[in-house]
Amino acid sequence: MKFFIDTANLQQIKEAQDLGVLDGVTTNPSLMAKEGISGDDNVINHYKAICGIVDGDVSAEVISTKYEEMITEGERLAALDSKIVVKVPMIKDGIKAIKYFSQKGIKTNCTLVFSAGQALLAAKAGATYVSPFIGRLDDISVDGLGLIEEIREIYDNYGFQTQILAASVRHSTHILGCAKIGADVMTGPLSAILSLLKHPLTDSGLAQFLADYENVKQK
Ligand code: E4P
């Protein structure tokens, strides 16, 4: 399973990249706003900076909601770097735009997906990635991982090449659930990735090893 980091924070992207386990980045307009990035030039420069840090795909979301405008915006984003994946919302014009981009060989990420039907449509349109938001479903007491299972089954039934990018991941249990089901990618915050490191027996075991080593050294 590929690990993407879900942030526009350059420091956190660098930290995840330095860990050696990062396969890509996803951003969205809220994450860009959180970093204080606004205005065309700043947004473009920020995407270039992210592409300069990571080796893998970088999702850059269109702001437009009309087909023609999405095409113009998406083509401009895609021209920035071969790592750019044009992130398009799951709306009617978005599906048309995904079809257009897929025919042009431009990578896409269909975002704001909350049902298997939406995921089926995204795959039919030729999306490179589909982003089901599992954390936001859990927030409204709907089983987010259950949706990943449904989409996996449907895609496998027909051999769809669209990659399941489990999004809105909040913690290590989500990551492990996605891995067990066979999601292709998960995207989450740095804290969720780092939480995989933690186990109390690792901490106490390491403390014991080091203490035993010190004792022998002093004798
Ligand atoms: C997906 O690509 C989105 O950026 C993201 O995963 C949304 O997560 P959130 O629900 O934590 O905002």
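A salt bridge, for this tour, is a side-chain nitrogen of Lys or Arg within 4 Å of a carboxyl oxygen of Asp or Glu. Keep in mind that this is a predicted model: local features need pLDDT of at least 70, side-chain atom pairs count only at pLDDT 80 or more, and totals for chains, interfaces and linings use all residues. Residues are numbered from 1 along each chain as its sequence is written, and side-chain values use heavy atoms, with hydrogens and water left out.

**Stop one: salt bridges**

Select Asp156 and Arg152. Their side chains meet in a salt bridge, 3.2 Å from N to O. Both sit in helix α8 (residues 144-158), and because they are 4 residues apart there, about one helical turn separates them.

Is Arg152 buried or exposed? Arg152 is buried, because its relative accessible area is 13%; buried means under 20%, exposed over 50%, and partly exposed in between, using a 1.4 Å probe and protein chains only.

Next, pick Arg76 and Asp40. These two form a salt bridge with the closest N and O atoms 3.3 Å apart. The pair links distant parts of the chain, with Arg76 in helix α4 (residues 67-78) and Asp40 in helix α3 (residues 40-53), 36 residues apart. Arg76 is partly exposed at 42%, while Asp40 is exposed at 53%.

Then jump to helix α11 (residues 200-218), where Lys217 and Glu214 are 3 residues apart, so about one helical turn lies between them. Their side chains also meet in a salt bridge, 3.4 Å from N to O. The count of salt bridges comes to 7.

**Stop two: Lys87**

Select Lys87, in strand β4 (residues 84-89). An unreviewed UniProt entry annotates Lys87 as "active site"; UniProt positions are given in the numbering used here, feature names are shortened, and annotations may be inferred rather than shown by experiment. Lys87 counts as buried because its relative accessibility is 4%.

What is Lys87 in contact with, leaving aside neighbours within four places in sequence? Show residues including Thr26, Asn28, Ser59, Glu61 and Asn109; contact means heavy atoms within 4.5 Å. A polar atom of the Lys87 side chain also lies 2.7 Å from the backbone oxygen of Thr27.

**Stop three: the ligand**

Now show the ligand. Among the residues surrounding the ligand are Asp6, Phe133, Ala167 and Ser168, where a residue qualifies if one of its heavy atoms lies within 4 Å. Lys87 turns up again here, with a polar side-chain atom 2.6 Å from a ligand oxygen. Then try Arg170, where a polar side-chain atom is 2.7 Å from a ligand oxygen. The protein covers 85% of the 340 Å² of accessible area that the ligand has on its own, with areas from the Shrake-Rupley method and a 1.4 Å probe.

**Last stop: Ser64**

Finish at Ser64, in the loop between β3 (57-61) and α4. Ser64 counts as buried because its relative accessibility is 13%. Its side chain makes a polar contact with the side chain of Glu73 at 2.3 Å; a polar contact is a pair of N or O atoms within 3.5 Å and, within protein, one must be able to donate a hydrogen and the other to accept it, with residues adjacent in sequence counting only if both atoms are side-chain atoms.

Technical notes
Helix = DSSP H or I, 4+ residues; strand = E, 2+ residues; numbered from the N terminus.
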